[in-house]
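Trainee: Could you walk me through this model and show me how to read its features one by one?
Mentor: Happy to, let's go.

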Amino acid sequence: MTDTIPQSPVIEPEMDNRIINPGSIQINVTGAFIVDEELYEDEDSIPETSDIALPYQDAENISHIAVDIGGSLAKIVYFTSNQNLSDSGGRLNFYKIETERIDEFIEFIAKLIKFYNKKIHIMATGGGSIKFYDRLKKDLNVQVSKEDEMECLIRGLDFFITEIPNEVFLYTEQNPMEFVNHSKNIIYPYLLVNIGSGVSIIKVMGPNQEDFIRVGGSSLGGGTLWGLLSLLTDANSYDEMLTNAAKGDNSKVDMLVGDIYGTDYNKIGLKKSTIASSFGKVFKKKHQQSFKNGDSELFASADISRSLLYAISNNIGQIAYLQAKIHEVNHIYFGGSYIQGHPQTMNTLSYAINFWSQGTKRAYFLRHEGYLGALGAFLKKQPEGWGRKNSFKMDDNLKTKIRNILKKKD
């Protein structure tokens, strides 16, 4: 096969992708699992974001792909099947790229459509679904449905929480990934703190489409971190910024409690390593040193990156805690491409929630945190209510019809 899909899992010739009418899809999550690295054939086939295997999914019922185009990143969710492995089954695949590279993103979708060699439907969400709507339709010659961003985020999160084992986890430095498999009947209410270019905080009260409200947010999000680090460092991508932050020492830039008191401030529970003032040492250092070699050598890019990452994350963590307190919610899910599985980010958010709530509230993270909206858009082509538990109410006639169909299959 000559056509290949860039930066996505290797798709062998035996992969049979079948596309039929949108709206008829039925997802079978029996035995669903996240494909860990050791299950891929070789290192070159390992995607940036792990696939989700659906061993019993009927590929003939899949008819679309979904995109979530945000202010900073564009994401896509699509299904591939492998008929050689079984009579049914396949994987949900995930791919992202910077929104400023929208030409490459559309080219990726075009190659995917060409590989399918069938007419498909694009489910689109995020601000870019409006901004690039006409271009998607024209360049790809496909039907595009625009879906509400908040509804897609919640639908995607509900699916991850209730349907995919080992997706949701708690984070601490001692136990970086403590998986939590929630009971499907007791996940509400919860807060979704979605951190993209900015931050949206949504309270979800139940499984129905109207059971949510946006309670707050912040303009200081991933776009802020990306923008300021672009001004202050030489990093050329968000991934490079996070890599720099992992190597940095924020104590060379931030003023800590220990810098003020010389030790911990035990009376109010502050360790000497607690940040008292983000970038608090910069002014003093700049005016104490001569600049024979210029200012550039005074502060390392890695230290600046870590300091700013902490500043943004601490701010988000405190806002999330306050909203959870106001709305009497104990479960807080952090999503969005800002996190990207970055240990310092998750530790900062988790510590903030635990510290300010004195352990009464919990911060949860997801292995596919950046794809809530894209997956939610993908689920929008399901029968009404699929993907959000208990929201699809069947009358007795429909239940009987389904039972009869299942008996025939047996």
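Mentor: Keep in mind that this is a predicted model. Let's begin with Glu328, which lies in the loop between H9 and strand E15 (331–335).

Trainee: What is the phi of Glu328, positive or negative?

Mentor: First the general idea: most residues other than glycine have a negative phi, and most peptide bonds are trans. Glu328 has a positive phi of about 55°, although it is not a glycine.

Trainee: Which peptide bond is cis here?

Mentor: Look at the bond from Tyr188 to Pro189, where omega is near -5°. Pro189 sits in the loop between strand E9 (178–179) and strand E10 (190–195).

Trainee: Back to H9: how far apart are its end C-alpha atoms, and what span should we expect?

Mentor: Helix H9 covers residues 301–326, which is 26 residues, and at 1.5 Å a residue it should span 38 Å. Its end C-alpha atoms are 38 Å apart, so the span agrees with the expectation.

Trainee: At what angle do H5 and H9 pack?

Mentor: Helix H5 (residues 222–232) packs with H9 at about 155°, and their axes are 10 Å apart. Angles over 145 degrees count as roughly antiparallel, and H5 and H9 are therefore roughly antiparallel to each other. The crossing of H5 and H9 is right-handed.

Trainee: And how do the axes of H1 and H3 cross?

Mentor: Helix H1 (residues 102–116) and helix H3 (residues 133–140) have axes that come within 11 Å and cross at roughly 40°. That makes H1 oblique to H3. H1 passes H3 in a right-handed crossing. On the H1 side you find Ile102, Asp103, Ile106, Ile109, Ala110 and Ile113, meeting Arg135, Leu136, Asp139 and Leu140 in H3. This contact of H1 with H3 holds 7 nonpolar, no polar and 3 charged residues.

Trainee: Now the sheets. What is the order of the strands in the sheet that contains E1?

Mentor: Read across that open sheet of 7 strands and you get E1-E2-E5-E4-E3-E6-E7, with mixed pairing. Strand E1 (33–34) and strand E7 (143–146) are at the edges, each with a single partner strand, so one side of each has no neighbour in the sheet. Inside the order, strand E4 (residues 73–81) and strand E5 (residues 90–98) run antiparallel, joined by 9 bridges. H1 packs on this sheet, touching strand E3 (64–69), E4, E5 and strand E6 (121–125), and its direction makes about 10° with that of E4.

How values were computed:
Residues numbered from 1 in each chain as written. Predicted model: local features only at pLDDT ≥ 70, side-chain atom pairs only at ≥ 80, totals over all residues. Heavy atoms only, no water. Helix = DSSP H or I, 4+ residues; strand = E, 2+ residues; numbered from the N terminus. Expected span 1.5 Å × (residues − 1). Axes fitted to C-alpha atoms, helices over the stretch in contact; angles between N-to-C directions. Parallel < 35°, antiparallel > 145°, perpendicular 65-115°, else oblique. Left-handed = near helix turned anticlockwise from the far one by under 90°. Contact = heavy atoms within 4.5 Å. Nonpolar A, V, L, I, M, F, W, Y, C, P; charged D, E, K, R; others polar. Pairing = 2+ DSSP bridges.
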